[in-house]
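Hello,

Here is the structure I promised to pass on. Please open it and follow along with the notes below.

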Amino acid sequence: MQCKICESESTYLANAKILNKYDIDYFQCENCGFVQTEEPYWLSEAYSDVIASSDVGLVFRNIMFSKITSNIILTIFNHYNKFVDYGGGYGLFVRLMRDSGFDFHWHDKYCNNIFCKGFEAQDVETRPYELVTAFEVFEHFVNPLAEIENLLNFSKNILFSTELLPESNPKPDEWWYYSLQEGQHISIYTSKALSIIADRLGLNFYSNGLNLHLITEKVIPPVLFESLSYSEPPEAKKPSLIEKDYLKAIGKLEENKNEELPTFTQSISVKKGIKVVVDGVFFQLYKTGIARVWKSLLEEWAKDGFAEHIIVLDRAGTVPKIPGIKYRVVEPYNYSRTLRDRELLQQICDEEDADLFVSTYYTTPVSTPSVFIGYDMIPEVLEGNLNEPMWQEKHFAIRHASSYITISENTARDLVRFFPDISAESVTVAHCGVNSTLSPGSQDEVEKFKTKYGISKPYFILVGSRSGYKNGALFFQAFDKLYNKHSFDIVCTGFDLEFEDEFRAYTSGCTVYMLPLSDVELRAAYSGAVALVFPSLYEGFGLPVLEAIACGCPVITCPNASIPEVAGEAALYVKSDDIDGMANALCDIQKATVRNFLIAAGLSQAKKFSWSKMGSKVRSALIGATLLALNLREVNVIIFPDWLQSEESLYLELEEVIRVVGTHPDRSQMTLLIDTSNISEESEIDANLALSSVVMNLLMQEDIDVTDGLEISPVGKLDSLQWEILLDRIHSRIILKNENEQAIAQARVESVPLFQLDSLANTRFFREG
């Protein structure tokens, strides 16, 4: 078959079932990589519903593309001209663009125009439009070159989206974008194929390398388009066309009459609850275990409601889309532009009115308080090159942070060891969890897995990288010593799927399978393995160990860093350089008694870990970080003054409380919290002045120095989640004669122990000496 793009030879790629009924062949060009189907005889049936029922991302996609397109037009094109959206569907995108002030028109041969009636574009040959957009259209083209030439009748500038074929070259049943259920995606492109199209048309091609592309007569720096592809539009927006369109629709405005209409600003919404900005940068940079951790956290927060308090920054469209999570698309991260990135993050935090920032991988804003999440201290412990940009940014993030979370006790200890200014009390340990899909698989699942990949022998499994600190050499050298090594095969999985030449000599006569596995397949692989061998020199947590024991897979590992914390008694431990010890462990693991003990111990140990526990701990730590300004101590007592009482009465009451707390023997370990939540901003200034005045009066009295160890913290308006965390830290509430009953009810402090002031004065919280 001839390629429809470059006319080179296209050879058979795969067969797949579409619409759950037709077996069709896919062909791939040997030159440009373009994938096309056989002649698509099924299209009339596939388009019985023009918009596929599975297109649940339609609204989100239109909103996202409207923002990105606004930015691209304002930066590159003449925003006063007309534009057309080709294959415009229901017209939602056109409506959004017109609402944003851009004179967009709709064109679609198959779909009904619902949202932008009266703004249909006609088929033309004069190129009256500045730009034509075509989102999720190219993959539907039967004859791409001819149909793209039709687009050029509208404009010589085409902004379009289509997912590029990944470098791993997945077959139709291995990649969602083939859309087998609907049967409408019959053309799959590579970057090379799109470049060839642009060359043939005498135009320039720009791409973000993933899913958004531009064929244009304009010449621009490639990095400009890449940056604009992920950026929000600038603050200065065009006046909306909503009112003009309405007047036109009711016949009160002529088609070409350009009347000036008054503009109105929307009222500023009042902030409700805390707001946490999460930078999803790790998903852009890597696909390793940290990505699994964050995907699991976001899923847990979508379940427990915390998602309404966070917004995830989606770098380069790489963050997995989880229902219930709010996203903001931003430009990709680049280690050569870290200062610019900090400014960008600060701008976003300001725009989102964020209380807190947390990064999935070491990015920081300029001034918004941040929480550092430490996954490991590998470069510090193993003496890596700390001058590398990645580790410099890590250390900057540590110094910037006001609070810390680690995924193991060992990582927490290492963090404090290398950064002694960090107190151990400021570090929250939140252990990783394990997906519910990773549990012991049935014998039938195991057999299907082995049959699929042609595995006929018992096998050891290795997960992740094998070189460097992962210490794979220990396993392979020991494996070579086994008298029955030819009875076994080896399964390697993870993201590093090229087998290292240095290990080949140790596996002669055995088959090494390099397999990218889904969670379902990983469960079967663990369940059928002789053992997971994980000889790492250092782990921040050791997620493969937990996943293996959860599936009933025995583990051989090394007692390093956090690994014993995770595996407990459910592993055979070998010293990191003990080849004979590893060989003995590989023999021992074949014994039924050893295997049965480790399997039982592993299943019990795995129950200690869950993503819901981790999600809850991280959530509490993040909320707690927003309360750091309260300077909480070992003993925190709270009062709820009635700020509406007479000034004289208020001052006397405050003076009495501050005198007792400020002269208490345990005052150096106490914080007095004074509620100021139910008073206006102006009155709150008076409250602070009142507290200062009371302290000054007490200082002027002989033999009373209430500043010695005294900590007083006004408590302003807090979110319910903040109160939930704070209540766990409050030791008691001091009863006042005149109290703010409304504030007490709102804070829900019923469970907090009550103290009369004289009782507090006579109570010691800590033993002397």
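Helix α5 (residues 191-200) lies across β7, β9 and β10 in this predicted model. The helix runs at about 155 degrees to β9.

Those strands belong to an open sheet of six, in the order β5-β4-β6-β7-β10-β9. Its pairing is mixed. β5 (103-107) and β9 (204-207) stand at the edges with a single partner strand each, so one side of each has no neighbour in the sheet. On average, neighbouring strands are turned by 20 degrees against each other, direction ignored. Look at β6 (residues 131-135) and β7 (residues 158-161): they pair in the parallel sense over four bridges. Phe135 stands opposite Ser161 in β7.

Next, the cores. The largest nonpolar core has 109 residues. Within this core, Trp294 and Leu532 touch the most other members. Among the contacts of Leu532 are Ile461, Tyr526 and Pro544. Apart from this core lies another, of 33 residues, including Leu151 and Ala198.

Now the charges. The structure holds 34 salt bridges. One of them joins Glu393 and Arg342, with the closest N and O atoms 2.8 Å apart. Glu393 lies in helix α12 and Arg342 in helix α10, so the pair ties together parts 51 residues apart in sequence. Both residues of this pair, Glu393 and Arg342, are buried.

Glu521 and Lys452 also meet in a salt bridge (2.6 Å, N to O). Are these two buried or exposed? Glu521 is buried, because its relative accessible area is 15% and the limit is under 20%. Lys452, at 59%, counts as exposed.

Best wishes

Note on methods:
Residues numbered from 1 in each chain as written. Predicted model: local features only at pLDDT ≥ 70, side-chain atom pairs only at ≥ 80, totals over all residues. Heavy atoms only, no water. Pairing = 2+ DSSP bridges. Helix = DSSP H or I, 4+ residues; strand = E, 2+ residues; numbered from the N terminus. Axes fitted to C-alpha atoms, helices over the stretch in contact; angles between N-to-C directions. Contact = heavy atoms within 4.5 Å. Core = buried A, V, L, I, M, F, W, Y, C linked by side-chain atoms within 4.5 Å. Buried < 20%, exposed > 50% of the residue type's maximum accessible area, 1.4 Å probe, protein only. Salt bridge = Lys/Arg side-chain N within 4 Å of Asp/Glu carboxyl O. Lists of a residue's contacts leave out its neighbours within four places in sequence.
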